[in-house]
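Please open the model in your viewer and keep the selection panel at hand.

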Amino acid sequence: MSALRKKFGDDYQVVTTSSSGSGFNQPPPEKKRKRQRFVDKNGRCNVQHGNLGGETSRYLSDLFTTLVDLKWRWNLFIFILTYTVAWLFMASMWWCIAYIRGDLNRVHNDKYTPCVANVYNFPSAFLFFIETEATIGYGYRYITDKCPEGIILFLFQSILGSIVDAFLIGCMFIKMSQPKKRAETLMFSEHAVISMRDGRLTLMFRVGNLRNSHMVSAQIRCKLLKSRQTPEGEFLPLDQLELDVGFSTGADQLFLVSPLTICHVIDTKSPFYDLSQRSMQTEQFEIVVILEGIVETTGMTCQARTSYTEDEVLWGHRFFPVISLEEGFFKVDYSQFHATFEVPTTPYSVKEQEEALLLSSPLMAPSLCNSGEKNSSLDCLETLEDNDSTTKLSAKLQKITGRENLPKKLLRMSSTTSEMTYSFGDLPMKLQRISSVPGVSDDKLIGKISKINTEAMSKSVADLPPKLQRLAGGGGGGRMDGHLPPKLRKMNSDRFT
């Protein structure tokens with residue numbers, strides 16, 4: 001504990017996730033009713049097919065796969081039963097031939113040539129079949145050339161024996177070579193955790209490979225199973241949603257040599273966008289993890305599965321590091337594979353965090369306009385109206401800004417007023433006071449503005465030296481056109497008119 005605090009800080013605390021208990025004198029937690037899982041921790045799916053009716057005949061059409069999918073005890077029973085029935089049937093056929101030909105009554109007649117030598121009862125016929133089928137050939141019992149029906153039966157026995165051997169032995173070989181047991185050496189963490197990683201709220205779990213042989217082309221996928229109701233009223237039990245674990249970036253392709261932490265970033269596209277620590281206590285969902293890869297030694301595809309229910313997702317936890325650097329190699333400590341420790345994590349969902357950030361920051365409406373041009377506030381407002389993403393404010397923001405029930409016409413009027421206020425701010429204080437007086441028309445205001453501008457220009461000309469005053473005002477404050485040639489005066493007058 002002290003070493004962990006030294007490495008990660010005093011705010012962190014190791015949490016033991018095993019069922020043996022943490023050793024603290026705490027009251028035992030309330031026993032929660034066992035939740036029905038869709039996929040067990042060992043990967044077995046809790047699904048049973050019922051009321052098939054006449055569809056059971058489909059299993060017989062694919063008899064080989066049906067036999068492979070059976071349990072081992074049923075496979076052994078069918079294996080022994082098939083060989084026993086085949087042996088007894090073929091032994092009975094040889095005994096029937098000997099009985100029909102009368103070989104059983106002429107056993108001690110040395111001048112008679114039987115169909116099969118030294119076959120005089122059913123046990124001897126059974127031994128002859130076993131010796132022939134297993135190609136043992138002791139030499140005491142053998143078929144003669146005086147029995148054509150025996151030759152035909154011998155050919156039929158060879159063909160039937162080859163078919164039975166190929167079917168049953170092939171079935172047993174496929175079942176023994178199935179990579180299901182390879183999945184036993186692929187580990188998943190007992191719990192999934194939610195904490196901050198790279199500044200984003202992330203769902204994480206851990207996978208590991210206990211064998212030195214690699215999983216070629218290992219790929220991982222995650223499914224969220226959650227019941228929901230559509231807007232049309234349709235109820236969807238166990239609706240399957242995809243959890244992105246790096247499909248767009250290639251992070252779902254694993255190099256599974258050492259334990260890896262699989263991450264799902266919770267963002268606006270995630271099904272956990274509105275999941276918080278409080279809502280997780282009432283939610284019911286199941287995360288199914290599927291790990292697929294090719295077994296390096298056999299070349300067969302292996303699939304390992306597990307699942308995490310809502311009570312197996314720890315909020316505000318992080319996995320304990322298990323890899324350490326030794327002299328010349330990296331060491332993996334699997335005793336800490338399932339261990340987690342607490343880290344400071346916000347209890348709010350990503351949606352709540354974004355709404356709080358939006359409420360705390362001011363509305364930057366002018367940033368939507370082109371900063372390189374001097375647009376009026378009315379143009380900016382029209383741009384906001386055309387942009388659906390900016391006009392659709394939340395209810396909280398509408399209440400704060402006071403524009404919850406205002407139509408667009410009033411919004412334009414308010415923006416025009418703000419534009420006038422903005423333009424009046426650039427005028428002298430005298431005109432600002434005049435503009436604020438009610439009853440002053442725009443024509444009077446514009447006349448006063450032009451008069452003040454003329455006075456300001458005259459004042460600025462009067463402050464110039466005499467020579468420059470003559471050039472600027474023609475010596476008497478008039479226009480400069482008197483000193484220009486006639487052609488230039490005409491061009492100047494045409495431009496002003």
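The stops below begin with the overall chain and then turn to surface patches.

This is a predicted model, in which local features need pLDDT of at least 70 and side-chain atom pairs count only at pLDDT 80 or more, while totals for chains, interfaces and linings use all residues. Residues are numbered from 1 along each chain as its sequence is written, and side-chain values use heavy atoms, with hydrogens and water left out.

Of its 497 residues, 28% are buried (under 20% relative accessible area; exposed is over 50% and partly exposed in between, with a 1.4 Å probe and protein chains only).

Next, select Phe 64, Trp 72, Leu 76, Phe 173, Ile 174 and Met 176, a nonpolar surface patch with about 590 Å² of accessible area together. Such a patch joins nonpolar side chains (Val, Leu, Ile, Met, Phe, Trp, Tyr) within 5 Å, and like charges within 9 Å, from residues with over 30% relative accessible area and no salt bridge (a side-chain nitrogen of Lys or Arg within 4 Å of a carboxyl oxygen of Asp or Glu). Areas follow the Shrake-Rupley method with a 1.4 Å probe; for residues, only the protein chains shown count as cover. Helices α4 (72–101) and α6 (148–176) each give two or more residues to the nonpolar patch, and α6 supplies the largest share, 3 residues. Within α6, centre on Ile 174, which is partly exposed at 32% relative accessible area.

Finally, select Asp 244, Asp 267, Asp 274, Glu 352, Glu 354 and Glu 355, which gather in a surface patch of negative charge. Asp and Glu count as negative, Lys and Arg as positive, and His and the chain ends are not counted; each charge is placed at CG of Asp, CD of Glu, NZ of Lys or CZ of Arg. Asp 244 sits in the loop between β6 (235–243) and β7 (253–254) and is partly exposed, with a relative accessible area of 38%.

Key: Helix = DSSP H or I, 4+ residues; strand = E, 2+ residues; numbered from the N terminus.
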